[in-house]
Amino acid sequence: MIEIEHLSKRFDGVTVVDDVSLSIGDGEIVVIVGTSGSGKTTVLRMINRLIEADGGRVLIDGQDTRGVPAYQLRRQIGYAIQGHGLFPHRTVGQNIATVPSLLGWNRAKIGARVDELLTLFQLDPASYRERLPGALSGGQQQRVGVARALAAAPKVLLMDEPFGALDPIIRAKAQADLRAIQRRLKTTIVLVTHDMNEAIALGDRIAVMDQGRLLQYARPDELVVSPATEFVGELLGSGERPFRLLSFRQVRDFIEPGEASGAPIADTTTLRDALEEALWTGRDAVPVANAEGQILGRVTMQTVIRQAARHR
Amino acid sequence: MALADATAPTSNRLPFDRLGLVVAGLAIGGGVLPFVAFRANRIVPGKAVGLLEALPGWELAIISAVLGAAAVMAVLRLAPRFRLLISLSALVALAVAVGDAARFITPLGDKISRTSPGTGFWLLTLALGLMASDAVARLKLGPWTRIGLLAVVAAVVAAILWSGLWNDLSVLREYANRADDFWREAGVHLGLAFGSLAAATVVGIPLGILCERVLPLRAVILNVLNAVQTVPSIALFGLLIAPLAWIAATVPGAAAIGIAGIGTTPALVALFLYSLLPVVANTVAGLDGVPPEAEEAARGMGMTSLQRLVQIDLPLAFPVILTGIRIVLVQNIGLATVAALIGGGGFGVFVFQGVGQTAMDLVLLGAVPTVALAFAAGAVLDAVVEMVSRGGRRA
């Protein structure tokens with residue numbers, strides 16, 4: 001549980017963060033989104049005290065973060081940044097071992113942890129452990145950067161535009177991987193991005209900031225349906241609104257009894273993907289199967305399309 | 001036929017190696033100019049002796065063949081390893097020839113006359129050295145191989161010296177007369193060069209770290225050091241005499257630990273002052289070059305500022321700092337010769353004595369080891385810089 005209470009920060013008389021309060025639950029992914037200069041990165045960096053707040057406070061599990069020296073606090077909190085920030089003179093293994101070494105873990109424990117994380121991030125330990133970061137691709141460097149941030153199993157992970165330097169295809173994969181790993185480790189993640197699509201793809205809740213103020217803090221579907229201000233609406237864009245709504249829901253909640261022809265889709269498919277599949281194959285209804293391949297019923301396009309409307 | 005056609009577009013380029021043409025030109029000049037100079041004693045003007053008269057017939061035939069072959073190979077576009085092999089072999093042949101020439105020309109049992117290498121010999125050495133170093137550069141040898149090659153060259157030179165092959169050459173006759181002095185001054189010379197380097201490293205790196213962190217200080221310190229660097233070396237050695245003499249006379253115990261207006265102390269101090277700028281400037285540049293993301297990540301993961309300095313900043317800056325140290329070492333090995341002017345000792349002693357006595361052989365006795373040392377130090381440190389630059393600078 002992270003409680004951000006009335007945080008504010010001024011640089012040279014200019015207010016960059018203005019009375020921001022947020023509460024982030026355990027195991028949640030919260031994405032702070034905003035344009036550059038919105039103060040989103042400053043809020044993030046005030047959580048691990050890379051920037052000291054002028055006013056307000058941050059509590060993690062009820063403890064004021066100012067209760068311990070800043071460097072000790074940071075060792076308890078994972079931190080991953082844009083352009084990965086790997087140490088170019090240290091091997092992948094040494095990079096990942098950074099925080100465990102700072103915490104004084106013994107060698108055997110560090111070695112085991114490094115291999116465990118490399119495996120988790122789909123990098124073969126034997127062939128990647130001893131490489132230098134310069135010998136990795138951009139996507140691999142980014143994965144090592146996140147693995148390094150998670151090395152000491154922090155309860156909280158802060159990420160500042162972690163996928164900003166990746167090309168779109170690798171970025172989508174990296175986002176999906178992060179989501180999967182987060183589900184497994186139950187790490188609380190606070191992620192900063194300027195990309196609303198990324199926020200919607202990743203966030204359990206999204207905090208929209210502009211000019212140092214928190215404009216709206218809500219679930220993605222709430223944000224899409226009822227943006228609090230015009231600016232939030234602009235950030236979301238009007239182009240894909242109905243499709244965005246559909247992407248928040250899975251077909252398992254809309255199964256009806258009945259028959260449908262063609263290949264079945266999984267019950268975890270989003271309504272958006274179901275609609276796409278139906279349009280592409282020219283069907284009005286699609287059979288739905290569970291993980292074991294058992295047909296549960298069907299989902300009709302009428303039902304799906306009704307879900308795409310703002311007010312139901 | 002088809003093969004010839006396929007290569008036709010490239011044939012409008014000269015089939016010659018451009019640097020090779022220069023090498024061959026120099027070598028031809030070297031072959032024509034006097035190979036050695038003979039003097040009845042060490043200070044009278046010498047008589048030039050061409051290659052043709054300097055060697056017995058059979059040896060002349062061999063050396064001409066080797067040099068001719070080297071010149072031809074230099075001009076042709078051959079693989080660099082052949083060019084290296086032929087140039088090094090020719091250098092060895094040249095070294096043997098100059099020793100033999102001295103023995104051949106010097107009347108038997110004559111200890112007063114002097115035979116020294118002539119313009120032709122130096123030009124040939126230059127040409128072949130150019131060819132060898134060009135071949136080494138083209139081969140892109142690894143750092144260890146380069147150090148190994150340097151060791152082999154040093155071993156060959158040592159073997160030639162030890163074998164007595166050059167004993168009739170003027171420089172070695174000068175050496176024979178003052179072998180004890182030579183080794184003592186060699187020790188002083190190295191002590192001056194490495195001592196000032198060590199002091200400059202110990203002081204300069206922390207000063208560089210300070211400059212990098214405190215911006216106002218950076219401009220002041222770097223400007224002062226720049227100004228020091230512009231003072232001519234002889235002037236700086238001279239300028240230090242007065243203050244150091246004053247310190248020796250007034251500060252109790254200063255004279256006892258060796259501080260004096262002339263001698264080794266001012267020489268060390270002057271070399272130290274010259275060394276500071278490259279060390280400080282390169283430390284600042286190296287630290288400035290640390291990627292900001294790495295810095296940010298290190299902070300964000302909870303490294304203390306000392307841990308960041310020791311584990312991240314200095315290792316990443318190290319190759320650049322080492323480049324500064326390389327500059328200093330090569331510079332100081334050369335500059336240390338000037339120390340002899342104020343009684344600081346070193347190889348400069350022979351240079352200044354030689355100039356005073358118009359005995360060029362004595363000048364060479366001081367100059368040749370200085371140049372060789374500076375060259376070797378530069379080559380070794382270049383290799384070391386390459387070894388420590390792993391990953392760091394490429395990212």
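In the predicted model, B:Val36 of chain B stands opposite B:Val49 in strand S2(B).

The C-alpha trace of chain B spans about 75 × 75 × 30 Å along its principal axes. Of its 395 residues, 40% count as buried. Among contacts in chain B between residues at least 6 apart in sequence, 74% join residues at least 24 apart.

Helix H2(B) comprises 15 residues, 18-32. At 1.5 Å a residue, this helix should span 21 Å, and the separation of 22 Å between its end C-alpha atoms agrees with that value. Its buried residues are B:Gly20, B:Val23, B:Ala24, B:Leu26, B:Ala27, B:Gly30 and B:Gly31. These residues lie on the same side of H2(B), because they cover an arc of only 165° around the axis. Their packing partners in chain B are helix H3 (51-54), helix H4 (57-75) and helix H6 (119-139).

A further helix pair in chain B consists of H9(B), residues 179-213, and H10(B), residues 215-230. Two packed helices are described by the angle between their axes and the distance between the axes. For H9(B) and H10(B) the angle is about 135° and the axes are 6 Å apart. The two helices are therefore oblique to each other. On the H9(B) side, B:Leu207, B:Leu210 and B:Cys211 take part; these residues meet B:Leu217, B:Arg218, B:Ile221 and B:Leu222 in H10(B).

B:Ile257 is found in the loop between helix H12 (241-250) and helix H13 (264-288) of chain B. With 9 other C-beta atoms within 10 Å, B:Ile257 is exposed, since a residue counts as exposed at 12 or fewer such atoms. The C-alpha atom of B:Ile257 is separated by 53 Å from that of B:Leu33, and the two residues are 224 residues apart along the chain.

Chain A contains an open sheet of four strands in the order S2-S1-S4-S5, with antiparallel pairing. The edges of this sheet are S2(A) (14-24) and S5(A) (63-64); each has a single partner strand, so one side of each is left without a neighbour in the sheet. S1(A) and S2(A) run antiparallel and are joined by seven bridges, with A:Phe11 opposite A:Val14 in S2(A). The hairpin of S1(A) and S2(A) has two residues between the strands, and in it A:Asp12 takes a positive phi near 50°. At the other end of the strand order, S4(A), residues 55-60, pairs with S5(A) in the antiparallel sense over two bridges, and A:Leu59 stands opposite A:Asp64 in S5(A). Helix H1(A), residues 40-47, lies across S1(A) (2-11), S2(A) and S4(A), and runs at about 120° to S1(A).

The contact between the two chains takes 19 residues from chain B and 19 residues from chain A. On the side of chain B that touches chain A, helix H14 (292-300) and helix H15 (305-335) each supply at least two residues. H14(B) gives the most to this side, with six residues.

Terms used: Residues numbered from 1 in each chain as written. Chains lettered and ligands numbered in written order. Predicted model: local features only at pLDDT ≥ 70, side-chain atom pairs only at ≥ 80, totals over all residues. Expected span 1.5 Å × (residues − 1). Buried ≥ 20, exposed ≤ 12 C-beta atoms within 10 Å, placed from the backbone. Arc of directions from axis to C-beta. Contact = placed C-beta atoms within 7 Å. Axes fitted to C-alpha atoms, helices over the stretch in contact; angles between N-to-C directions. Parallel < 35°, antiparallel > 145°, perpendicular 65-115°, else oblique. Pairing = 2+ DSSP bridges.
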